[in-house]
Amino acid sequence: MAWTVRFLEDIALADLAFEATGESLEDVFRGATQALVESMANPATVPGGWKRRIERRDTDQSALLFDWLSEVVYWKDAAGVVFREAPLMLTWEGDVLFLRACLIGSPVDRKSQELRNDVKGVTKHLYELKQNGGQWRAKVVLDV
Amino acid sequence: MRLNTDMTVNRITDEIWEIPISEKPGMLVPARIYATQSILQSMDRGVFDQVTNVACLPGISRYALCMPDGHWGYGFPIGGVAAFDVEAGVISPGGVGYDINCGMRLIRTDLTLADVQPYLEPLMTELFRKVPAGVGASGFVRLSRQDFCRVMTHGAGWCVERGYGWHRDLDRMEAGGCIAGADSSTVTDHAMQRGINQLGTLGSGNHYLEVQVVSDERIFDPVTAAALGIVGHEQIVVMVHCGSRGFGHQVASDYLSLFEKAMRGYGITVKDQQLACAPFRSPEGQDYFSAMNCAANTAFANRQVITHQIREAFATVFGQSAESLGMELVYDVAHNIAKVERYAEGAVVVHRKGATRAFGPGSPELPDMFRQTGQPVICGGSMETGSYLLVGTDRAVRETFGSTMHGSGRTMSRAQAKRMVRGKELQQQMQERGILVKAVSMSGLAEEAGLAYKNISEVVESVERAGITKKVLELRPIGNIKG
């Protein structure tokens, strides 16, 4: 695992904030995705019967991460699911960055799953995706 | 006086504090915070930064305001109130919040604690079963897209037409449970898909359904209480706190993105990206206003369907109809909304984010039944303490664009609360104190522990002393449902 996630306590009193770091852009996308998935339910308690392939693109990597995380939040409500994992790949095609991912989870079941926060949205508050030295870092605040 | 800001904060009265326009470049009006000195001192740095950022927005009238339950939010602080000229001013999704028309509803009953106590466990179990809560929960009402569009434009009225409530319920809601000017064509497909299955669901976070008791000694204004249907004698009432769910969240997200781009075209710059805004009269501004009203109406409908389910749960457990149990609505009021209202300076778009409308007696916008009392204001405390029923005042109309507090306000992060309290233990401790809690998420329960919130009584005292609301009664929880 080439990424780490740290939840930040001093940013959003009523909400959730995290910082994901990774050795590559793809790693930091994976770390941020995992943090979001874990904010909604304990992934270990979610079986993987529901799947949705998702492809997004953007010329701006920061906008793409924001868009992708927002898409994960969207499917939570639109399909009534929580997630086990979301493997993803990033590829540059010219100056366009493509994200190809598969959201894997299952319908919400409060008896068998450890449910956590109902995330309302990914916010732009203090939002950033940056490369510093060899390290990528994303800071994300979720409204819950 | 030590405050979490380096800015100059001048005392106007013991409950009103002002930050002059000299404290931040770009401020167009002073910022005013309504709070006692001790509450002011406990406010986080974000309140001071954000309320002064709001004071820089184009077309702002008089003051940028923050109520005593204020804390850091996105763009606007929670507890923020700001009014913008309808011709020269802006509308900002950050001034409404992600949960459009998040609000409070109070339902009275003829039952007493002695009636309910023996049946509290089956009652809470039935309420927990009938009112879906927590992450990704869907409701029992199946809507076609056409139905959903009618919910957006007709609000709680749609529910009553379908049998989910009584016609007289509508008289006891802000704007009759339906705000005009909602056009479903301004709502994205994404927002529709996100919300179409969620009517009648509670959500999570700080949303809840609570069974409460009114004791005689906690009624401060018996005449007003009686006029609102509350007589005390350990009377049981039910409080609901929730909003427009995923639908409203998506409307907010969609328009925040749109406004970020649109702002550049209008030459507007803001101190914080989350204050993205557009001129109220611009096409983007009008589209957001319409979409926001769709979400607001959906929130009224959401609370109406929940009310129907609550009435059914009580009827099942007590073997009587909800009508014979006296389950009338006391009031339903929004605390995340933008509305066009008329004040001394003319028509303005009042943004209330974690703030409640508080019109005083005689206000022409109130139905006859509230002309003597003033508009009811429902303020939810933490699940461990109490909540309050207040009424609006003429002074609020004169000073705060008819606005007041909405709840107790957090003082502690969710992570810190979870480190200090375990959900299961909290549930046990609350049960020992006579509060039965049903929760979907134990970690979510710990995050909402009473220690994470300000003392609501102190917050209420500050708005009472400031004269912008009047205390009617305090409510004590005996059962709570959390997502």
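Predicted model: local features only at pLDDT ≥ 70, side-chain atom pairs only at ≥ 80, totals over all residues.
**A buried glutamine and an open sheet**

Reader: Is Gln198(B) buried or exposed?

Author: The relative accessible area of Gln198(B) is 3%. Buried means under 20%. Gln198(B) is therefore buried, at 3%.

Reader: Which residue has its backbone nitrogen 2.8 Å from a polar atom of the side chain of Gln198(B)?

Author: Good one to check in the structure. Residues that Gln198(B) touches include Asp77(A), Arg245(B), Gly246(B) and Phe247(B). The backbone nitrogen at 2.8 Å belongs to Gly246(B).

Reader: Over to chain A: which strands stand at the edges of the open sheet of four strands, and why is one side of each left without a neighbour?

Author: The strand order is E1-E2-E8-E7 in chain A, with antiparallel pairing. Each edge strand has a single partner strand, so one side of each is left without a neighbour in the sheet. The twist averages 15 degrees from one strand to the next. The edge strands of chain A are E1 (3-8) and E7 (121-132).

Reader: What is the bridge partner of Phe18(A) in E8(A)?

Author: Strand E2 (residues 16-22) and strand E8 (residues 135-143) of chain A pair in the antiparallel sense over seven bridges. In E8(A), the partner of Phe18(A) is Val140(A).

Reader: And at what angle does helix H2 of chain A run to E7(A)?

Author: Helix H2 covers residues 61-78 of chain A. This helix lies across E7 and E8 of chain A. Its angle to E7(A) is about 140 degrees.

Definitions and conventions:
Residues numbered from 1 in each chain as written. Chains lettered and ligands numbered in written order. Heavy atoms only, no water. Pairing = 2+ DSSP bridges. Helix = DSSP H or I, 4+ residues; strand = E, 2+ residues; numbered from the N terminus. Axes fitted to C-alpha atoms, helices over the stretch in contact; angles between N-to-C directions. Contact = heavy atoms within 4.5 Å. Buried < 20%, exposed > 50% of the residue type's maximum accessible area, 1.4 Å probe, protein only. Polar contact = N/O pair within 3.5 Å; in protein donor to acceptor, adjacent residues only side chain to side chain. Lists of a residue's contacts leave out its neighbours within four places in sequence.
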